[in-house]
Amino acid sequence: MLIPFSMKNCFQLLCNCKVPAAGFKNKVKSGLIFQSVSSDIYQNLAVEDWIHDHVNLEGKPVLFLWRNSPSVVIGRHQNPWQECNLNLMREEGVKLARRRSGGGTVYHDMGNINLTFFTTKKKYDRMQNLKLVVRALKAVQPQLDIQATKRCDLLLDGQFKISGTASKIGRTTAYHHCTLLCSTDRTSLSSLLKSPYQGIRSNATASIPSIVKNLLEKDPTLTCEVLMNAIAAEYAAYHQIDNHINLINPTDETLFPGINNKARELQTWEWIYGKTPKFSINTSFNVLYEQSHLEIKIFIDIKDGRIEICNIEAPNHWLPLEICDKLNSSFIGSKFCPNEITMLTNILHRTCPEDDELHNRWNILCEKIKGIM
């Protein structure tokens, strides 16, 4: 559903309006409340980028409500291999996205509400926003015990995390976004946000695990729709604006010129994986050979998502040194991802076309390496 033409005109005023004169101050407050009709993580993140880049927020705050199909979202400076189970995500078709704000990794599905508060840099205030959310929740259910912490999380009953915070502060504008657990799949959340990969050394921002709970588990009347309407009403009252949620289509180029390019950029391998801070992997595994276990050692340096240094050490009688060296050199410059490794398994077939045993060992080794990706 597209927003009405009159709404487009209103939004264009926000985009084009000059900063008000000094005497105007804040006597007249205005702003907008948006809700996305899309459940695509990349499209919704693109809306955040677009508003941040194009909208004049002086005296005109914006609240953006959005939900996504199953996806894992990492912070701007995080390492996905450290933060989540990439293999399981591929198996279950769960999307991975890197947002432009900092903070930790979160799991999104349609039971998780996302709230983005846009303001000028001067009026950026995360705690004020969280207190607004608390007031909205208590307006619906006064008995709820919800508190904002110094870390700008929201806790239910003093122990269960129901909301986490991240933000981006630009030269003149800023946004604070947070999650709100309503009826999310906690089993998926737990399994997907648990990295199985061993031996990673990185200076990337690490997430802090928390005990979580859904609001719907506390009170079955606290549906996503009820909560979004309550937050919108509280936001409208606080900012003295019209209590009306405007539905927007994040692919609408007439409203958001150039937004589809932003969404495509957020889906690229170079952004999602290539922006990972430099890290290394130092691990080992065993292979069975003639009723004994042989140790294979692996050391890999990854920069910009690509293998910069690769050193795989295998017993010479199991995999000849020249073959091992061939494997090491073949990996240099490759993307650190399973698809690249699959392509490299063909190298041995060209190098030793008649040695089936070597083929088998090469494949075993490559499958083990894919397991750490």
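Over the ring of which residue does the charged end of lysine 213 sit? The legends below take up this point and others.

**View 1. Lysine 213 and phenylalanine 160.** This is a predicted model, in which local features need pLDDT of at least 70, side-chain atom pairs count only at pLDDT 80 or more, and totals for chains, interfaces and linings use all residues. Residues are numbered from 1 along each chain as its sequence is written, and side-chain values use heavy atoms, with hydrogens and water left out. The charged end of lysine 213 sits over the ring of phenylalanine 160, 4.8 Å from the ring centre. A charge sits over a ring if NZ of Lys or CZ of Arg is within 6 Å of the ring centre and within 35 degrees of the ring normal.

**View 2. The largest nonpolar core.** This core has 74 residues, and those with the most contacts inside it are Trp81, Leu96, Ile312 and Phe336. A nonpolar core is a set of buried Ala, Val, Leu, Ile, Met, Phe, Trp, Tyr and Cys residues joined through side-chain atoms within 4.5 Å; buried means under 20% relative accessible area, exposed over 50%, partly exposed in between (1.4 Å probe, protein chains only). Helix H2 (residues 41-54) gives the most to the core, seven residues. Helices (H or I, at least four residues) and strands (E, at least two) are DSSP runs, numbered from the N terminus.

**View 3. The buried residues of helix H9.** In H9 (residues 259-266), the buried residues are Ile259, Lys262, Ala263 and Leu266. They cover an arc of only 100° around the axis, which puts them on the same side of H9; the arc is that of the directions from the helix axis to the C-beta atoms. The buried residues of H9 pack against H2, strand S4 (95-98) and helix H10 (269-272), where contact means heavy atoms within 4.5 Å.

**View 4. Tryptophan 50 and phenylalanine 256, an aromatic pair.** The pair is edge-to-face, with 5.2 Å centre to centre and 75° between the planes. Rings of Phe, Tyr and Trp (its six-membered ring) pair if their centres lie within 6.5 Å; planes under 30 degrees apart count as stacked, over 60 as edge-to-face and the rest as tilted. Tryptophan 50 is in helix H2 and phenylalanine 256 in the loop between strand S13 (246-248) and H9, 206 residues apart. Both residues are buried.

**View 5. An aromatic cluster and a lysine.** Ring pairs link Trp81, Trp269, Tyr273, Phe279 and Phe336 into a cluster. Lysine 335 lies over the face of tryptophan 269, at 4.9 Å from the ring centre.
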